[in-house]
Amino acid sequence: MGTTRVCGEVSSRSSKSLSQSLTVSTSTTETVNGVHEFKICGYSLAKGVGVGKYVASDTFMIGGYSWAIYFYPDGKSPEDNSSYVSLFIALASEGADVRALFELTLVDQSGNGKHKVHSHFGRALESGPYTLKYRGSMWGYKRFFRRSSLESSDYLKENSLLVRCRVGVVKSVTEGPRCYNIPVPVSNLGQQLGNLLESGKGCDVIFQVDEETYNAHKLVLATRSPVFKAQLFGPLGNPNTKCITIEDMEAPIFKVIPLTLLMVVSYRIVYSRMYHPGSSPGALLLFSSLLTRDKALLHFIYWDELPDLQELMGADTTLASTLVAQHLLAAADRYALERLKAICELKLCEGIAINTVATTLALAEQHHCLQLKAVCLKFVALPENLKAVMHTDGFDYLKKSCPSLLTELLEYVARLSEHSVIASGHRKEIFADGCDANGRRVKPRLH
């Protein structure tokens, strides 16, 4: 890549005039790269076609030009008496003085990776890139490979050869000082859609959640969620739907909280009555009574973001934020809102705590959040956390809803204990006869 600076004439009267009259332009030279593979089947039948006769690939585009690979089974030059195969890359479109780098590779089809490569790339070229003057101009090798060696090599497999060609077309672009400065405003599409939701204008569908209703727009819902799209406009959907009843989901999942009242409620009381996703409706009555009308799920669908839950709830409300994130994670997975799901997974990873981690672990398993699951397992398996977590209500829910996770947790604890033993240097040394250093028989461990 080359760079050139071009400066206008500068008066030497003063440094002030120097700074005022200096202009700069930059020329950038780089390659536009591409690769084409050409498989030559029936090699033995192509032999004997005659010196100077070729088998050609289909044309392919790289850097704005058409190219083709030419393979000569009997060689390109009569003086070689068909002792070599020839291989070339040719310019197949109109063009003058096309400068390019080339690489021709005969692929080792045994899987050993011992390819035969002739390349311009990755090395200094004394005369620079190769220049093709006109259509039909070629670069390559008349004596690419001795034919007798080729026919007994791993390059020939099932009577076929595989050629890989890499082309880097040299392009130069010069940029001068801009004579314009047009600021592009930050996108406010989310704010505009959010304002549309808040205004209630054009709403054509109603959500029924528990005993509460929320207005929305079908087209926005279908655009944001493939589940709503199928429900409203799919082959089995009904575009005339006026009301969508959300079952097995509490109204709080749709809401965001200014929750000043939550600050006076004991966290243990809230958590002991919290709603576990999948349990019977109505189990979150205390939590539901503290929520306002703002709709979190709809808010995200329209605004493409969540409000700062900590800021809305006031200080010391990590527990409530975690509960909301748990519910929104389940809702996001249900309606295929992948961005919302990722946001909730991140918030739950950042808010891991003794009293919520078991429920979060169950959610991670049920909704296939692998990173969140790993974080929870690591947290629970720590000796200082395990006993406390086992005494939470969430752990009882975990045992009932995801019993297989208990096995994974035990395996994780066992690995953690084993690593601790190794780190402390107390692991027993096992000798070839199956005894430890004290001569006692040791049962080998199966891995």
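Predicted model: local features only at pLDDT ≥ 70, side-chain atom pairs only at ≥ 80, totals over all residues.
Residues are numbered from 1 along each chain as its sequence is written, and side-chain values use heavy atoms, with hydrogens and water left out.

The protein has 17 helices and 14 strands. These elements are DSSP runs numbered from the N terminus, with helices (H or I) of at least four residues and strands (E) of at least two. Contacts are heavy atoms within 4.5 Å. Of the contacts in the protein with a separation of 6 or more, 67% are accounted for by residues 24 or more positions apart.

Aromatic pairing was examined next. A pair of aromatic rings is described by the distance of the centres and the angle of the planes. Rings of Phe, Tyr and Trp (its six-membered ring) pair if their centres lie within 6.5 Å; planes under 30 degrees apart count as stacked, over 60 as edge-to-face and the rest as tilted. By this rule the count comes to 11 aromatic pairs. One of them is edge-to-face and joins tyrosine 72 to phenylalanine 88, at 6.1 Å centre to centre and with 85° between the planes. Tyrosine 72 lies in strand S5 (residues 65-72) and phenylalanine 88 in strand S6 (residues 84-91), so this pair ties together parts that are 16 residues apart in sequence. Tyrosine 72 is buried at 3% relative accessibility, and phenylalanine 88 is buried at 8%.

A further pair, formed by phenylalanine 102 and tryptophan 139, is stacked because the ring centres are 5.4 Å apart and the planes are at 15°. Distant parts of the chain are linked in this way, with phenylalanine 102 in strand S7 (residues 98-106) and tryptophan 139 in strand S10 (residues 138-146), 37 residues apart. Phenylalanine 102 is buried, with a relative accessible area of 0%, and tryptophan 139 is buried, with 8%. Both residues belong to one aromatic cluster, formed by Trp67, Phe102, Tyr130, Trp139, Tyr141 and Phe144.

Charged side chains also lie over aromatic rings. The criterion is that NZ of Lys or CZ of Arg is within 6 Å of the ring centre and within 35 degrees of the ring normal. Lysine 76 lies over the face of phenylalanine 88, 5.5 Å from the ring centre. Arginine 166 is placed over the face of phenylalanine 121, at 3.8 Å from the ring centre.

Helix packing was described by axes, which are lines fitted to C-alpha atoms (for helices over the stretch in contact), with angles from 0 to 180 degrees between N-to-C directions. Angles under 35 degrees count as roughly parallel, over 145 as roughly antiparallel, 65 to 115 as roughly perpendicular and the rest as oblique. Helix H11 (residues 318-334) packs against helix H12 (residues 338-350) at about 150°, with the axes 8 Å apart. H11 is therefore roughly antiparallel to H12. In the contact, Thr322, Ala325, Gln326, Leu328, Leu329, Ala332 and Asp333 of H11 meet Leu340, Lys341, Cys344, Glu345 and Leu348 of H12. Glycine 351 lies in the loop between H12 and helix H13 (357-366) and is buried at 12% relative accessibility. Not counting residues up to four places away in sequence, glycine 351 touches Thr322 and Thr356.

Helix H4 (residues 189-199) and helix H9 (residues 296-303) pack at about 135°, with their axes 7 Å apart. H4 is therefore oblique to H9. The residues of H9 that meet H4 are Leu298, Tyr302 and Trp303. H9 is largely enclosed by the rest of the structure, because 8 of its 8 residues are buried.

Aspartate 304 follows H9 and is found in the loop between H9 and helix H10 (309-313). Most residues other than glycine have a negative phi. Aspartate 304, however, has a positive phi, near 60°, and is partly exposed, with a relative accessible area of 28%. Serine 82, in the loop between S5 and S6, likewise has a positive phi, of about 60°, although it is not a glycine.

Key:
Buried < 20%, exposed > 50% of the residue type's maximum accessible area, 1.4 Å probe, protein only.
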